[in-house]
Structure formats: structure tokens, C-alpha cells
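Dear colleague,

Please find below the structure that I am handing over to you. My notes on it follow directly after.

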Amino acid sequence: MILVAGGTGRLGSLVVNGLEALDVPTRTLSHHSDGDLRGITETSLEGVSVVVSAVTGFPTQRPRDVDRDGNIALIDAAERAGADVVLVSVLGASPDSPMELFRMKHAAEEHLRRSRCSWTIVRPDAFKEMWVEILEQTAGRQQRPLVFGRGDNPFAWVSVETVAAEVVAVATNASMRGLVVDVRGPQRLTLDQLARRVMSDHGWQGAPRHVPRAVLHPMSLAPGAPGRRAHAALAMDIVSTQ
Ligand SMILES: NC(=O)c1ccc[n+]([C@@H]2O[C@H](COP(=O)([O-])OP(=O)(O)OC[C@H]3O[C@@H](n4cnc5c(N)ncnc54)[C@H](OP(=O)(O)O)[C@@H]3O)[C@@H](O)[C@H]2O)c1
């Protein structure tokens with residue numbers, strides 16, 4: 001049995017579908033049906049041989065609560081149950097990243113490496129579909145997407161289907177334990193270039209609009225999701241996912 005924590009999410013639901021297509025028995029954990037991951041109990045892991053973590057709280061919850069502490073609770077529970085762990089982290093996770101989410105992912109990775117679990121870490125770059133949706137939604141009547149910040153930092157935007165296929169492959173292959181698997185899309189583009197591509201695909205004229213960093217700085221101090229989004233937009237201008 002493979003337990004997919006975050007199995008209702010954008011990535012997790014595709015992972016569940018992929019495992020089911022292989023006739024692998026799966027169980028799904030989610031925030032809305034099972035509560036906060038930090039309160040995970042032994043019963044969730046009964047009969048589970050592999051745990052996949054595809055959870056994130058960003059941007060509605062604090063990364064330290066879900067991406068670090070939720071994952072730590074899950075890893076500890078997997079260790080007690082003797083299950084392997086496949087942790088979906090992020091390309092660029094590091095202790096000194098300008099992005100809090102990336103620092104918390106790194107902390108979860110480190111906890112996993114120190115655990116007695118057999119593990120695989122999957123590190124995808126930014127999900128292409130999610131960002132294309134954001135650009136389409138912010139385009140509005142002017143048909144000009146909003147790029148938060150300079151948008152001049154390149155990412156290898158990757159299709160979530162590609163990431164899901166990779167997660168299914170490592171979850172079902174014990175020979176992948178002890179490996180960090182980076183997952184990148186085929187082309188590095190800046191957010192501005194991605195926005196221009198979205199415009200061209202829709203036949204929209206002109207250029208993307210930009211929210212200047214000077215506007216994002218005060219926004220990043222706001223509490224909750226709006227502040228976290230602005231903070232992440234500032235960090236995306238400088239974070240490295242090479
Ligand atoms: N999006 C990207 O560009 C990107 C890039 C690289 C890596 N990743 C990583 O890929 C993974 C999947 O991302 P995604 O975009 O598919 O995420 P998503 O759609 O936001 O789904 C998040 C999942 O986590 C669950 N969850 C949230 N808070 C929780 C909590 N406190 N306790 C238990 N479960 C909780 C959600 O449950 P509910 O459905 O009940 O809310 C949902 O199933 C994450 O680890 C993310 O960090 C994403």
C-alpha cells in the first residue's frame with residue numbers, strides 16, 4: 001500500500017491516478033478530510049510500505065507548519081511504521097534560500113536524511129500549468145498578464161504530469177532509494193518570457209504588465225497569504241534553481 005499525503009492536490013491527485021493505473025493499492029491523506037499532518041496517527045500508516053509526501057501549505061498556511069513540521073511528523077510516523085518515504089521537495093531547496101518555502105523544504109529533506117527510513121527526494125522546478133493559469137487569470141480585460149517583480153530569473157518550468165510520472169516511478173521502484181531526483185522542464189524561460197508565450201498562444205497583443213519590486217516590498221509585510229505571495233514573488237527574482 002502506498003500512502004499519498006497531499007493526494008488531493010495538483011500533483012498528488014495525478015500520482016494517485018498513476019499508481020491506480022498500475023493497480024498499486026493507494027491511500028490518500030489530505031488536509032480537509034484528515035486534518036493537519038502534524039497530528040498524523042499510527043492508524044494512517046497501517047499496512048503502508050511507502051509514503052509519498054506531496055503536501056504544501058503555500059500560500060494559505062505557513063511553510064514551517066506544513067512543508068517542514070507536517071513533513072517531519074509524517075517522516076517520524078513512517079519511521080515508526082518501517083515505511084519508505086518519497087518526499088516531494090523543490091529544486092533550489094537550501095538552508096539559506098531567500099524563499100522561506102525553500103528553507104522549510106530543506107529542513108524536511110535533512111530530517112528525512114537523518115531518519116532511519118529508506119528515502120527518495122524528488123526536486124521539481126516550478127509547475128508550468130500552475131504558472132500559466134496564474135498568468136491567464138491576471139491578464140484581465142487588457143489581455144496582458146501580471147508579472148510580479150522583474151520576472152527576469154529563468155526557471156525550467158515543468159509539466160505537473162512529468163513530475164507525477166517521476167514520483168510514481170520512484171515510489172514503485174525500491175532501487176531508487178537514497179537518491180535525489182531533480183525534475184526539470186525542457187526549456188529555461190523567465191517568467192516574463194513565459195507570460196509572452198501565454199500571450200502569443202492566445203493571440204494577445206502588447207507586453208505583460210509588471211508589478212514593481214518597490215510595490216511588492218510593502219505588500220510582503222502583510223499578514224497571511226497576500227504577504228507570503230508577495231514575499232515569494234520577490235524571492236523568485238533572485239532564487240536559483242540551476
Ligand atoms: N506548484 C509548484 O510550482 C511546485 C514546484 C516544485 C515543487 N512543488 C511541490 O509539489 C508538491 C505538490 O504541490 P501542489 O502544487 O500539487 O500542491 P497543492 O495542489 O496545493 O496540494 C497540496 C496538498 O497538501 C495538502 N495539505 C495542505 N496543507 C496540509 C496540512 N496542513 N495537513 C495535511 N495536508 C495538507 C492539501 O490537502 P487539501 O486538498 O485537503 O487542502 C493538498 O492535498 C508540494 O510538495 C510542493 O511543494 C510544487
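Helices (H or I, at least four residues) and strands (E, at least two) are DSSP runs, numbered from the N terminus. The model is a predicted one, in which local features need pLDDT of at least 70 and side-chain atom pairs count only at pLDDT 80 or more, while totals for chains, interfaces and linings use all residues. Residues are numbered from 1 along each chain as its sequence is written.

Strand β5 pairs with two strands (DSSP finds at least two bridges between paired strands). With β8 (residues 179-183) the pairing is parallel and runs over five bridges. With β4 (residues 84-88) the sense is again parallel, over four bridges, and Val-88 has Val-122 of β5 as its bridge partner. Between β4 and β5 the chain passes through helix α4 (residues 100-114), and this β-α-β crossover is right-handed; that is, with the strands pointing away from the viewer, the path from the first strand over the helix to the second runs clockwise.

Is β5 enclosed or open? Six of the six residues of β5 (residues 119-124) are buried, so the strand is largely enclosed by the rest of the structure. A residue is buried if 20 or more other C-beta atoms lie within 10 Å of its own, exposed if 12 or fewer, and partly exposed in between, with C-beta atoms placed from the backbone. In a regular strand, side chains alternate between the two faces of the sheet. Here both faces are covered: Trp-119, Ile-121 and Arg-123 are buried on one side, and Thr-120, Val-122 and Pro-124 on the other.

The ligand is surrounded by 24 residues, the closest being Gly-6, Gly-9, Arg-10, Ser-30 and His-31. Elements giving two or more residues to this shell are α1, α2 (31-34) and α3.

Most residues other than glycine have a negative phi, and most peptide bonds are trans. Asp-23, in the loop between α1 (10-21) and β2 (26-29), has a positive phi near 65°. Asp-23 counts as exposed, because it has 6 C-beta neighbours inside 10 Å. Gln-143 also has a positive phi, of about 55°. A cis peptide bond joins Phe-58 and Pro-59, with omega about 5°; Pro-59 lies in the loop between β3 (50-53) and α3 (63-81).

With kind regards

Methods: Near = placed C-beta within 6 Å.
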